[in-house]
Amino acid sequence: MAENLNFYQIPQDAFEKLQMDAGLLLKAFDLTAGTYKNEDIICATTGGINPACVAEYSDFAEDVDNAPNNLMEFKHLDGWNCTLSTTGLDVSLESIKLALGAADIVENKVVMRRTLKQTDFQDLFWAGGTMDGGGVVILLRNALSTGGFSLQTTKNGKGQVTLEFTGHVSIKDQDTMPMEFYRLEPAGDTQTRTANMEDF
C-alpha cells in the first residue's frame, strides 16, 4: 500500500482557473476576438449572475417489477433545463421588455402580448474573467424570459428587477443544445476552447 498519499492536495493550476467577479450579461459576444461592445451590455447587476444547466432524465425501469432503481441501460435523457438568472438595476423600456418576454415597445411604453413570437427568443451571453487573465463565456441559446417582470424598491435604495431566462432547442436544429461553454485563453493565446455538452 502506498504511503503518504496526499488526497487533500488541489491541482497546481487551480488558482489560475478560479473565476473572479460577477461577470457581465450580454446580448452579443465575439468569441473569436474574445471581446464585446458596450452597447451589448444588458444592464448593471447586483448579487452576481447564476447560469445553470440540469439534465432531465426518465427511468424506463421505474415501474418494472423487481428492477432496481437507476439501471443505466434504462436511463433516458429527456433534455436539458438551462437557465440564467440575475438581478438587474435597469428599468429602461428595453430591460422591461426583455424581462416580460412576449412584449413590444410602442413609443414610450411596453405593451404585453397574448401571443409569443419567434423574435422573442434571443441568444444571451455571460462572460467572466479568470485569475490567469483568461475568461469563461456561457452562451444561452434561444433564451426567453420565464421569470416575468418584478420590481423591488426600497426607501433610499436601488430598485431591483429580477431576471430569469430559459434556453430552448429549435425544431430546425434539434441536435444543438440550449447552452454552450467556452474557455478564453489568457491574452497572447489565440485559441478559444469550446466546451460542448459532451465534454461534461
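Predicted model: local features only at pLDDT ≥ 70, side-chain atom pairs only at ≥ 80, totals over all residues.
Q: Which element supplies the largest share of the lining of the largest pocket?
A: The largest pocket has a volume of about 260 Å³, and of the 18 residues that line it, the closest to its centre are Lys-27, Glu-94, Ser-95, Leu-98 and Gln-122. Helix H1 (93-100), strand S6 (122-130) and strand S7 (135-145) each supply at least two residues of that lining. The largest share, four residues, comes from H1.

Q: How many residues of the lining of the second largest pocket are charged?
A: The second largest pocket holds about 210 Å³ of space and is lined by Gln-118, Phe-121, Asn-142, His-168, Val-169, Ser-170, Ile-171 and Lys-172. By class, three of these lining residues are nonpolar and four are polar. The number of charged residues is one.

Q: How many residues does the largest nonpolar core have?
A: Nonpolar side chains in soluble globular proteins tend to be buried together. In this model, the residues with the most contacts inside the largest nonpolar core are Leu-25, Ile-42, Leu-84, Leu-140, Leu-163, Phe-165 and Met-179. Strand S3 (75-88), H1, S6, S7, strand S9 (160-166) and strand S10 (179-184) each supply at least two residues of this core, while a second, separate core of nine residues includes Leu-26, Leu-31, Phe-125 and Leu-139. The residue count of the largest core is 18.

Q: Is Gly-34 buried, exposed or partly exposed?
A: Gly-34 is found in the loop between strand S1 (19-26) and strand S2 (45-59), and beyond its neighbours within four places in sequence it is in contact with Phe-29 and Leu-184. Buried requires a relative accessible area under 20% and exposed one over 50%. Because its relative accessible area is 33%, Gly-34 is partly exposed.

Q: How many Å apart in space are Gly-34 and Gly-135, C-alpha to C-alpha?
A: Along the sequence, Gly-34 and Gly-135 are 101 residues apart. From C-alpha to C-alpha, their separation in space is 8.6 Å.

Methods:
Residues numbered from 1 in each chain as written. Heavy atoms only, no water. 1 Å grid on protein atoms, 1.4 Å probe; cavity = no way out; pocket = protein on both sides within 12 Å on 5 of 7 lines; lining within 4 Å. Points joined across faces, edges and corners; volume = space filled by probe spheres on them. Nonpolar A, V, L, I, M, F, W, Y, C, P; charged D, E, K, R; others polar. Core = buried A, V, L, I, M, F, W, Y, C linked by side-chain atoms within 4.5 Å. Buried < 20%, exposed > 50% of the residue type's maximum accessible area, 1.4 Å probe, protein only. Contact = heavy atoms within 4.5 Å.
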